[in-house]
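Hi,

Here is the structure I promised to pass on.

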Amino acid sequence: MGCCSYAKLKSSLVLLNILYMLIALIMIAVPAFAYSMNYFTSYSLIGSLIGAGVFLFLFSFLGLCGALHHHQVMLFFYMVVLGLLCIVQFASSITLVAINDEQQAQILNKSWVSATNHSRSEIQKAFDCCGFDQNVTDSIIPPQNCSELECCKNLYKTDETQCYLNETIGPEPDKNVTSTGCHPCSHKVSEQFSYAAKVSGAVGLFFSFTELIGIILAIQYRNTKDPSRAYSFPGHGGFSK
């Protein structure tokens, strides 16, 4: 019975860390491919994603080695780091899921203000929008290159503010609204941000539970005696139950 329990715990921990390693490879490969195809031009974003992937790969390799060799020290550090990751990821995921519209608007506004002109131009081009809110924020940081956007090309405007959205209400009784010009980026980006935050939060919650399972498996496996070894003192095959 002990042998079966030991084998099952070992196999489960090995498979879990192999899964983490595959995810890490995806986290490394996808940003690198996206950068090579010019989908993203932000060095900081690409570097952060690849760095996170490398860390996850090395961490999973530590857990895999600890599981294969039933190494007490490796498993201990694996449990400690995994516990910290689980806490941080769970808290971050709850924050993303529970974020409201006001907090979302503040985050987007701060991000827009702190972004470079090149990044703002890239966002305008990607979402075919002009400026952030076409109000207070744009009076502080005037938009650039709006006249080159598809939403403004047909207007033949040279002043960036002339590319702003203009809505005209038609006569009675239909009162049809006619829109010309470009929408503010806050309108288009907020929809994408809200969706991404909810999805990221849900995925983060899922992985935080897998990390909790990993912690439980590592604790039980670390304290289970290796039936193939004759000794049972700490540090060599685990503790006897």
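Asn-145 sits in the loop that links α6 to α7 (150-153). In this predicted model, Asn-145 has a positive phi of about 65°, even though it is not a glycine. I flag that because most residues other than glycine have a negative phi. As for cover, Asn-145 has a relative accessible area of 33%, so it counts as partly exposed.

There is another case to look at, Gln-134. This residue is not a glycine either, and its phi is positive, at about 55°. You will find Gln-134 in the loop between α5 (117-127) and α6 (136-140).

Now for the helices. How do α3 and α8 run relative to each other, parallel or antiparallel? Their axes come within 8 Å and cross at roughly 155°. Angles over 145 degrees count as roughly antiparallel, and therefore α3 and α8 are roughly antiparallel to each other. The crossing of the two is left-handed. If you want to find them in the viewer, α3 covers residues 72-98 and α8 covers residues 185-222.

Val-73, Phe-76, Phe-77, Val-80 and Leu-84 make a nonpolar patch of about 460 Å². Val-80, one of these patch residues, lies in helix α3. Its relative accessibility is 39%, so Val-80 counts as partly exposed.

Cheers

Methods: Residues numbered from 1 in each chain as written. Predicted model: local features only at pLDDT ≥ 70, side-chain atom pairs only at ≥ 80, totals over all residues. Heavy atoms only, no water. Patch = residues over 30% accessible without salt bridge, like charges linked within 9 Å, V, L, I, M, F, W, Y side chains within 5 Å. Areas by Shrake-Rupley, 256 points an atom, 1.4 Å probe, with all protein chains shown as cover. Salt bridge = Lys/Arg side-chain N within 4 Å of Asp/Glu carboxyl O. Helix = DSSP H or I, 4+ residues; strand = E, 2+ residues; numbered from the N terminus. Buried < 20%, exposed > 50% of the residue type's maximum accessible area, 1.4 Å probe, protein only. Axes fitted to C-alpha atoms, helices over the stretch in contact; angles between N-to-C directions. Parallel < 35°, antiparallel > 145°, perpendicular 65-115°, else oblique. Left-handed = near helix turned anticlockwise from the far one by under 90°.
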